[in-house]
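Biologist: Please show the model, and then let us go through it by question and answer.

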Amino acid sequence: MTGVRAPRVAAYASLAAAGLIAGLALGRVEPVALAAPFALALVAAAAPREPRVGLRLSLARDRAVEGDEVVLTVELEPDGAVQRYELLVPLPEELAVDGGPARALRLRAGEPRTVELTLRCVRWGAFRVGPLLVRARDALGLRAWEGEAGDAQVLRVYPSEETLRTLVPPLETQVFAGNQVSRARGEGIEFADLREWRPGDRVRRVNWRATARRGSLWVTEQHPERNTDVVVFLDTFAEVRADGRSTNDRAVRAAATLVHAYLERRDRVGLVGFGGYLSWLVPESGLRQLYAIVDTLLTSDVVHSYVLRGVDVLPPRTLPSKALVLAITPLLDERTASALLDLRARGYDLIVVEVSPLELLAPDPAAPVSLAHRLWRLSREALRWRFEQVGVPVVTWREGIPLAAPVEEVNAFRHLVRPA
Amino acid sequence: MRAGSEAWALAAAAGLGALLLVAALARGEPFLGAALWLAGATYVGSLAAAGGRVDAAAPLAAAGLLICGELTAWSLDERSRLRADPTLSSRRTAGIAVLGLAGLAAATLVVGLSAVPPSHGIAWTVAGAAASVIAAGAGVWATRG
């Protein structure tokens with residue numbers, strides 16, 4: 001720890017010296033009497049020694065969800081008495097503490113002490129908590145020792161998720177067993193069709209009623225349940241941020257909700273973070289994939305970049321054929337729009353969920369600026385029209401509306417319009 | 001006329017000292033040293049201007065100046081936003097009180113020792129010189145350490 005003197009100690013020292021000198025020079029005792037208490041204060045400032053305090057930092061858990069509270073425990077073991085021990089936990093703005101992150105306490109010699117702070121997880125992300133900034137002071141605050149103590153702890157705050165009752169079913173399924181009814185014919189539960197018996201058909205598939213009516217063997221065909229490949233395409237090129245709210249925050253929450261819902265159905269889910277910093281995860285299934293995707297989402301901050309980027313830089317396994325691509329984007333950057341139209345042109349089943357930035361950008365009442373706002377909105381309409389022209393549904397997800405609403409809108413669109 | 005101009009000068013210095021104290025409360029400890037300096041210099045100046053016998057209130061003035069400095073520093077420390085143990089305030093109050101009383105006692109001792117006739121021998125002279133050296137050395141040691 002570094003020893004620090006209060007600024008007034010130097011003033012006291014100069015007062016004491018000046019008093020002595022003035023007493024000698026004037027031949028009077030009063031200046032010396034004036035200097036005496038300040039000299040005594042200097043002795044009081046010099047007396048304390050650097051304290052030794054052992055400090056251990058620990059979090060109740062290292063993973064939480066937005067809105068959760070996590071207890072941070074600070075264990076102190078002082079060798080000697082400390083009149084005033086101050087500790088400050090440097091926290092990012094995404095973590096809040098009631099009563100502030102700083103505490104001041106008195107430590108008795110040999111008596112361990114525990115301080116608990118309740119951290120409120122305001123926003124998702126991966127955060128380092130610690131080391132603490134500490135300061136030990138004497139009773140009068142004339143001397144202090146400052147330093148850092150404790151090891152940094154990592155806290156992962158996952159995005160909060162919404163409940164989705166229905167999901168968008170992909171147009172094509174894969175070959176592995178899953179929960180999605182496939183359009184193919186085979187063994188399953190859902191009735192598909194009747195056909196004549198062929199050598200190799202199992203006896204239990206024979207439809208006896210049809211056989212009795214027609215006088216020859218007929219079998220029942222079903223739609224098998226297969227899994228699907230889903231790729232969540234997250235646009236991190238640009239965001240709109242205002243009053244602590246951001247389109248990127250909502251996009252990550254939507255991505256986490258969709259990933260969790262599809263993985264629960266035993267589908268394979270992958271992730272593409274398309275922006276200044278490119279990231280991807282090949283579609284896999286299971287709990288490990290959920291943690292891998294959510295951990296990747298925690299680092300999905302917008303990184304501004306002028307690099308021209310297309311989907312051809314992604315490894316082929318990231319975007320399997322017949323995969324459903326769910327693009328979550330505020331549609332602010334032309335590069336994302338071009339990449340998505342490229343995906344559609346390659347035959348991918350594409351759905352665009354627009355995280356609307358309009359609620360964060362209130363138009364200025366001044367006439368010229370409101371005209372610019374209207375032109376900007378018209379350009380966004382034109383972009384949506386470009387997607388719809390190629391059969392890509394674009395649904396707008398506004399703030400305050402549950403994610404289930406745009407999902408239902410996509411399902412309704414698909415009932416009306418059958419993509420090629 | 002001379003006494004009147006000196007009184008005005010001392011009054012102006014005292015006013016400036018008060019302003020510096022207010023500035024210390026508003027802006028921080030660097031102004032506190034200047035305020036204490038000006039207050040002390042005003043007091044010594046008034047003594048030099050008045051002349052005459054030893055001022056018996058000197059210990060009170062000294063202790064009062066020290067307590068003023070400590071209370072100002074405490075006020076500035078309390079502006080930091082942190083949750084503190086309730087006992088810390090009482091301990092600091094006691095510390096300032098003890099320091100103030102000890103300072104008063106030390107100043108009184110100094111004034112009392114000044115009443116000893118100077119012709120009491122070489123021992124007193126040596127003791128006085130040693131006390132001065134010790135006090136100066138303690139000041140240097142305190143500011144260094």
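Biologist: Which residues of helix 5 of chain A are buried, and how wide an arc do they cover around the axis?

Modeller: This is a predicted model, in which local features need pLDDT of at least 70, side-chain atom pairs count only at pLDDT 80 or more, and totals for chains, interfaces and linings use all residues. Residues are numbered from 1 along each chain as its sequence is written, with chains lettered from A and ligands numbered from 1 in the order in which they are written. A residue is buried if 20 or more other C-beta atoms lie within 10 Å of its own, exposed if 12 or fewer, and partly exposed in between, with C-beta atoms placed from the backbone; in helix 5 of chain A the buried ones are A:Ile293, A:Val294 and A:Leu297. They are on the same side of helix 5 of chain A because the arc, taken from the directions from the helix axis to the C-beta atoms, is only 95 degrees.

Biologist: Which elements do the buried residues of helix 5 of chain A pack against?

Modeller: Helices (H or I, at least four residues) and strands (E, at least two) are DSSP runs, numbered from the N terminus. Two residues are in contact if their C-beta atoms, placed from the backbone, lie within 7 Å. The partners in chain A are strand 12 (153-158), helix 4 (247-264), strand 20 (268-275) and strand 21 (279-284).

Biologist: Which strands stand at the edges of the open sheet of six strands in chain A?

Modeller: Strands pair if DSSP finds at least two bridges between them. The order is 21-20-17-22-23-24, with mixed pairing. Each edge strand has a single partner strand, so one side of each is left without a neighbour in the sheet; these are strand 21 and strand 24 (394-397) of chain A.

Biologist: What stands opposite A:Val231 in strand 20 of chain A?

Modeller: Strand 17 (residues 229-236) and strand 20 of chain A run parallel, joined by eight bridges. Opposite A:Val231 is A:Gly270.

Biologist: How many residues does helix 2 of chain A give to the side that touches chain B?

Modeller: The contact takes 44 residues from chain A and 52 residues from chain B. Elements of chain A that give two or more residues are helix 1 (7-26), helix 2 (30-46), strand 5 (82-88) and strand 7 (102-107). Helix 2 of chain A has the largest share, 16 residues.

Biologist: Which residue is the bridge partner of A:Arg103 in strand 1 of chain B?

Modeller: Strand 7 of chain A pairs with strand 1 (residues 83-84) of chain B in the parallel sense over two bridges. The partner of A:Arg103 is B:Arg83.
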